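Reader: I would like to learn how the words used for a protein structure follow from numbers. Could we look at one together, and may I ask about each term as it comes up?

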Amino acid sequence: MKLTRCKISNVRALKNIEMEFSVDAQKPLTVIRAANAFGKTTFLNALRWGLFGDKGLEDIAYQFAPDDHRDNKSKSVGSVEIDFEFSSGNTVKTYRVIRSREEKIDSDGKVSTSNTNVALFDVMPTGITAIDHAEAHIAPHLPTELSDVFFTDGDRALTFIEGEPKLQRDRVQEAIKSLLDLNLVETSIRHIDRVRSNLNSKMKGLGSNSSQQSDELVEKINEYNEEIPKLKKDIEQQEEKFKQAEQTWEQYDKKLIQALSTGADNRKQLNEDMLSGREAKQMAYDDIKKYTREQTELFKSRKLATSLLSTPFKNANEILEKLHTRGDIPNQAIPVLMDRLNQDKCICGEKLTGDETDVKCRREHIQNLIEENQSSDKIKKIVTAVYFETKNLRQPRFSSSWSDDYAELVKSKHGAQDKARDYGKKEAAINEKIKSIPDIDITNIRDMRQKADQERNNARDEINNLQLKLNSVNTEKKEAENKRDKLVAKDKEGQKFISQLNVAQDLRSVFLSTFKAIISTELQKVSSEMNRLFKAMIGTESSEIVTIKEAKITEKFEIQVISQSDDLLKPSIDLNGASRRALTLSFVLALTKVSGKEAPNVVDTPLGMTSGYVKQSILNNICQQSTQLVLMLTPSEISDCEELLDQYAGKVVTFTNTAFYPNIVKNKPPVDDVQVLTCNCNHRKDCELCRINEFSIPEAAS
């Protein structure tokens with residue numbers, strides 16, 4: 001998808017804006033040059049609303065009415081008209097969406113919205129044709145989840161890396177699923193689940209004389225089908241509580257460490273003991289995990305198989321070795337006998353050529369021997385193969401027995417568990433000493449940490465309980481389904497439903513495995529590409545490149561930044577403004593690239609809080625990676641980037657807000673009311689309309 005043109009009417013100060021976007025592959029950049037407060041953010045929101053409707057705006061109550069309409073208590077009709085094109089092979093189709101709404105200002109100055117309309121048209125050289133059910137046609141191509149991918153407000157909405165953790169993860173997940181078309185797979189899975197539920201309900205009354213019992217089973221299965229999603233949702237909620245409690249605990253733990261490290265000598269010693277003990281305890285837990293893994297592998301080992309089968313292997317070995325010693329295997333007789341028939345003499349020295357009766361008898365005898373051996377040759381070949389192929393199994397060369405290895409692992413694991421318990425007791429003792437410190441600040445920090453720890457433990461216990469219950473319900477459901485199938489299988493109609501259920505289950509398994517495979521594979525691709533772009537944007541001259549090891553997306557759809565010391569950095573706190581912008585843009589561009597789709601990236605103030613090399617690096621990378629880029633830039637953002645704009649900009653439009661005459665706008669505008677006017681001045685020139693007073697650019701957000 002690419003934007004080609006837009007027309008905006010009566011959206012705040014954008015009373016009459018019409019412009020085209022660059023669709024040139026070599027110059028994919030369209031620049032909206034405007035000082036702060038000159039209408040950039042309003043333009044961004046107008047485009048979002050035009051494509052996605054009210055759901056595309058963060059604030060659905062966003063008011064369009066221009067100020068002079070509000071003052072006059074008059075009615076205002078705001079509208080946004082956008083032309084966009086979709087490419088499919090060599091075919092390019094252009095559409096036009098027109099969205100409008102009426103706003104009325106009452107006597108109290110309150111704005112009410114009514115008569116919201118949307119229309120979609122197929123734009124062709126011969127004219128335009130209306131498309132029925134516009135919203136239904138737009139929704140699959142422009143899902144709301146992609147509004148934050150296509151449109152980024154550099155000043156405010158670092159949507160994917162800031163905000164409440166769960167909301168952030170949900171946004172990342174929905175954006176990835178939408179752009180990779182995974183929502184379609186999820187919809188298919190839900191549809192199959194509904195089909196399975198309906199088929200189950202249709203089995204009522206089947207099963208001959210056991211219809212009452214089958215009906216009870218059908219009801220139970222329906223109850224299980226309702227209970228399982230609820231349990232899964234409860235588990236997700238508890239996992240979120242656990243994660244939040246863990247983050248809170250880590251936050252106060254860091255504060256406690258800092259408070260102890262700057263206190264008296266005895267406090268510093270407590271801090272050192274606590275940290276060293278915690279590290280040792282973690283090492284013990286790591287050892288427990290390692291030994292547990294090794295135990296699992298031991299149960300899958302060749303050594304266990306040979307140990308369990310040692311007696312039959314021993315008996316087989318004795319038989320095979322006897323056959324080999326006697327020369328029965330491998331069978332060499334046939335080649336030798338056949339070779340003799342081609343020789344003048346037998347092995348015994350007797351003559352084998354000529355017409356004599358004795359010669360004929362000898363040759364006939366050898367031929368009989370060959371035939372006799374051939375009849376048993378197949379068996380001997382199999383026995384020969386068994387002899388050679390199983391030699392390592394029959395005579396294993398292990399330095400120790402399986403039971404010895406297992407006993408050693410159990411001993412090591414118990415030792416690690418004892419160490420973990422001991423370190424846990426020492427940590428508890430240190431915490432008791434910390435409690436005795438008469439410091440109000442430390443007491444508050446310690447209490448908050450303890451509270452978070454308790455919440456974390458409660459959430460963990462609840463997760464375990466819910467998981468046990470979920471496992472139990474799944475088992476009971478499976479048993480009920482098996483009983484139901486046995487009962488209704490006596491009925492021909494029931495057999496049909498069982499077959500259909502099996503097909504539905506197979507389809508569900510295919511869709512589910514496909515979904516998981518795509519998520520796993522494509523998520524890793526997006527993560528890798530985001531990391532590459534992020535590092536390229538912040539550049540080797542950035543002070544943060546020294547501390548940042550990588551940026552990645554976890555399986556839980558969290559965007560994380562890892563330091564060189566493997567610490568987790570919180571983007572909203574631990575990264576500077578430039579790096580936060582770079583991380584957001586890296587994710588958006590990586591997702592668009594991995595999806596393989598053409599999509600516009602419209603970004604307001606992408607280079608704010610950046611300067612020098614980093615600013616140029618961000619601009620250069622986003623221009624190279626985007627198939628269509630629309631940037632709203634202030635004069636300060638443009639400064640030092642003129643050559644890059646020369647290289648990439650296919651269209652440049654300058655906004656001038658008449659409200660800022662004469663303080664900022666130098667010349668009197670050609671209109672008397674407040675509105676944004678446009679001109680075709682690029683980043684290297686100005687005109688009578690757009691010229692501004694030097695050193696007068698406002699700092700307020702637009």
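Author: Let us begin with a pair of helices, where Ala 578, Ala 582, Leu 585, Leu 589 and Lys 593 of α18 are in contact with Val 614, Ile 618, Ile 622 and Gln 625 of α19, contact meaning heavy atoms within 4.5 Å. Helices (H or I, at least four residues) and strands (E, at least two) are DSSP runs, numbered from the N terminus. By class, this contact has seven nonpolar, one polar and one charged residues, where Ala, Val, Leu, Ile, Met, Phe, Trp, Tyr, Cys and Pro count as nonpolar, Asp, Glu, Lys and Arg as charged, and the others, Gly among them, as polar.

The model is a predicted one, in which local features need pLDDT of at least 70 and side-chain atom pairs count only at pLDDT 80 or more, while totals for chains, interfaces and linings use all residues. Residues are numbered from 1 along each chain as its sequence is written, and side-chain values use heavy atoms, with hydrogens and water left out.

Reader: Why is α18 called roughly parallel to α19?

Author: Helix α18 (residues 577-595) and helix α19 (residues 612-625) pack at an angle of about 10°, and their axes are 11 Å apart. Angles under 35 degrees count as roughly parallel, over 145 as roughly antiparallel, 65 to 115 as roughly perpendicular and the rest as oblique, therefore α18 is roughly parallel to α19.

Reader: What makes Phe 557 count as buried?

Author: Buried means under 20% relative accessible area, exposed over 50%, and partly exposed in between (1.4 Å probe, protein chains only). Phe 557 has 8% relative accessibility, so this residue counts as buried. Phe 557 lies in the loop between β9 (548-553) and β10 (559-563), and has a positive phi of about 65° although it is not a glycine.

Reader: Asp 640 also has a positive phi without being a glycine; is Asp 640 buried or exposed, and how do you know?

Author: The phi of Asp 640 is about 75°, and the residue sits in the loop between α20 (635-638) and α21 (642-648). Its relative accessible area is 54%, so Asp 640 is exposed.

Reader: How many residues of the whole chain count as buried, as a percentage?

Author: Of the 702 residues of the chain, 43% count as buried, and the chain has 21 helices and 15 strands.

Notes. Axes fitted to C-alpha atoms, helices over the stretch in contact; angles between N-to-C directions.
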